[in-house]
Amino acid sequence: MVLRKHTWIAFLAAIGLGCHLLARYVFNVEANFANIPLWLTLAIGGTPLCWDLFKHAMKREFGSDLLAGISIITSVLLGEYLAGAVIVLMLSGGEALESYAVSQASSVLQALAKRMPAVVHLKVGIQLRDIDSSKLAIGDQVVIYPHEICPVDGLVVEGHGSMDESFLTGEPYRMSKTPGSTVLSGAINGESAFTVEAQREVKDSRYAKIMKVMEQSSQSRPRLRRLGDQLGAIYTPTAIAIGIVAWLISGDPIRFLAVMVVATPCPLLIGIPVAIIGAVSLAAKRSIIVRDPAILEKLSSCRTIIFDKTGTLTYGQPHLDEQILGNGFEFPFVLQSTAALEKYSKHPLANAIVEAAKAANLVSVEATSISERPGEGLRGIINKHEVLITSRNAVAKHWPNLTKLLPPRSAGLECIVVIDQKYAATYRFRDVPRPDGKSFIQHLGPNHNVQKVILLSGDRQEEVAYLAKIVGVEEIYAEKSPEQKLAIVEQETRRAPTLYVGDGINDAPSLMAATVGLAFGHNSDVTTEAAGAVVMDSSLQKVDELLHIGARMRRIALQSAVGGMALSMIGMIAAMFGYLTPVAGAMCQELIDVLAVVNALRAAFRPKFLSDYRHESNASNSIQS
C-alpha cells in the first residue's frame, strides 16, 4: 500500500512537471496558467507527503526528508512552485524505491512457492492421476519425471538415478537414488523417473520448513539507517535552528524562508541516489547485478564475511582426489577400465572418473555386457575382464571376503572397483576448491578491514574442515540446516555487520538476514530474489570488485552530500544575515545541486583500478589425483 501510494505521487509529480515545462517553455503559456499542473502536484502529492513527515516529527524522527517537507511548504509560501514540485518528485520517488526494496521479502516467498509443483502425478495401481499437491497424503505414491522438482519428502520405491539436492542440503554433488533412498522436497530430478512414497504431507515437508524460516527471517530483519538519514539527522535540525535564529535576529520571516530555500537538501535527495545509480550501472558492466541499491552503502561496513561452502569457495563438482590400488593392479589399467564403464553411467561420480582418465591421456576402450542390478553397482566387460563399480556397503553385503582388503573410510565420497572378482581400487572424491580461495581470504583483512571469516555449510563436518584447512578459515560450522544457518547469521549480525555469500536455496534465509546478501551465480531464482546482489559468473574476483564499488560509491556520495551541505551552510549563514534573498538563495542552491550531481556522476565511470586483488597460484590450493 505504501509502495503504491508513493509510486502514484511520483508519477503525478513527473506528469505535472512535464506539463508545466511544456506549457511554459514550448507553448509560451502565461505563468499563472502554466503553474496549474504544479499547484495540483503540490496539493495532491505534496499534502500527504507533508502530513506523513509531520507524523514522523511528532515521533522525534528527524531525517533529510523532514527538511524536504519544510522546503515544500516554504516553496509554496515563496511562490517557488517549480522547486516544490521537484522536491515532491524526489521525495516520493525515493520513498517508492525504499518501499520496493522492503517488499522484496514477499517476492522471495513467491519465488519459493512458484518453484514447487502445484500438481503431482499420483500413482493408483498402474494408473497415474494428476492431483493438487496439497491433497497428497502420507503413504501416497507419486511419480517424478526427469528434470521435475520433487514435491514431497519420501522414499524411492521404484527407479534408479540421481537428484540434485545441493541447493537444499549443501552436499556438493548429485546424489544417487535407488529403492529405499530418501528424497527431499525441492530436489531436482535427473535423467530417470522415480516412484516416491510420501513420508510427510506437503505442508510439513523440508521445503515448507525453509519457506517458514524465510518468512520469519523477512519479518525480523532490522531496517538499518540509510546514509541520507544519518546525515539528515544532523543537517535538518541545524538548518531549522539557523532559520529560526535568522528570524529572531532580524524580526523578518522572509529571512527564515530564505534560509529554508538555501537549505533544501537536494545534495542528500539527489546527490546520494545519483551516486548509487551510477554504482549500480558500473556493477552491471562488471557482471554484478545489484538488486537492492541500499547494500552499496553497507558493504564497506561489513566486518564479518560468512561463506557457504558449495559453489562459493568450491565449484560444486566432484573431483577424483585419491586412487588406492589393490595388490597386483596398476593405475593406468584400472582407471582406463573404470572410465570405459562409467561412460555409460548416470551416477554423479561417473564424469569425474571419465575426466580423470582424459587428464591422464589414457586411450578410450569399449565396454560390453553392461548391467546395473539394484544394490550391486555397475558391471561390464572390458577387454575380457569383468569390471564392477560399487559401494563399500554393497561389497560388505555381496562380497564379504573382499571387505578386509578395503582401506579405512575417509571423509569424502568413494567407490570401490572390483575386477575379475578381485579388489582393484578405491576411488575417493572431493568437491573441487577454487584455486584462488586462500589468497582471496588472506586479502580480505588487510584490504577490506574484515575481522572475521566464517565457513558455514550444510555439508559434512569432514568435508567442511578439509576445505577450511585449504583456504585458511579457522571458524567453521558444518551439517547445519537452514534454520541453524539463519540463527548463526543473526547472531553474527548482532555483533557486527555481515556479508553472506551463498548459492543455494538453503542459503536464502541467511542471505536475507545478513547485512548484505550476495548470491553466486543464478542457478536458483529463489536465491537470486533473496540476495541484495548477484555475481553472475561466480568469481571471487568479482566479489572484490563489488566491495570496491560499494566503498567508492560511499566515498563519492559522502563527498557530494557533505560538500553540498557545507556549501549550503555557507549559503544559510549568508541568508541569515540578509546577504541572500529567497530568489538568490534558490539560484545559489541550484548551483550547489549541480556541483553535487556532477560529482556523484563519477560513480558510474570505471576508475583506473577497480580491484586490488591479484590471485597468485599457490601449490597448497591445488588438489592432486
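Colleague: Which residues have the most contacts inside the largest nonpolar core?

Modeller: This is a predicted model. Its largest nonpolar core holds 66 residues. Those with the most contacts inside this core are Leu 296, Phe 307 and Leu 499.

Colleague: What does Leu 296 touch, not counting residues up to four places away in sequence?

Modeller: Leu 296 is among the residues with the most contacts in the largest core. With those sequence neighbours left out, Leu 296 touches Ile 276, Ala 279, Val 280, Val 290, Leu 546, Ile 549, Gly 550 and Met 553.

Colleague: Which residues of helix α15 are buried?

Modeller: Helix α15 covers residues 350-359. A second, separate core of 26 residues includes Ala 352 and Ala 356, and both belong to the buried set of α15.

Colleague: What covers the buried residues of α15?

Modeller: The cover includes one helix segment at 331-342 and strand segments at 314-325, 413-419 and 422-433. By name, these are α14, β12, β16 and β17.

Colleague: Which strands are the edge strands of the open sheet?

Modeller: Six strands form this sheet with antiparallel pairing, in the order β2-β1-β3-β9-β4-β7. An edge strand here pairs on one side only. The edge strands are β2 (127-132) and β7 (182-183).

Colleague: In β7, which residue is the bridge partner of Gly 154?

Modeller: Strand β4, residues 154-158, pairs with β7 in the antiparallel sense over two bridges. The partner of Gly 154 in β7 is Val 183.

Note on methods:
Residues numbered from 1 in each chain as written. Predicted model: local features only at pLDDT ≥ 70, side-chain atom pairs only at ≥ 80, totals over all residues. Heavy atoms only, no water. Pairing = 2+ DSSP bridges. Helix = DSSP H or I, 4+ residues; strand = E, 2+ residues; numbered from the N terminus. Buried < 20%, exposed > 50% of the residue type's maximum accessible area, 1.4 Å probe, protein only. Contact = heavy atoms within 4.5 Å. Core = buried A, V, L, I, M, F, W, Y, C linked by side-chain atoms within 4.5 Å.
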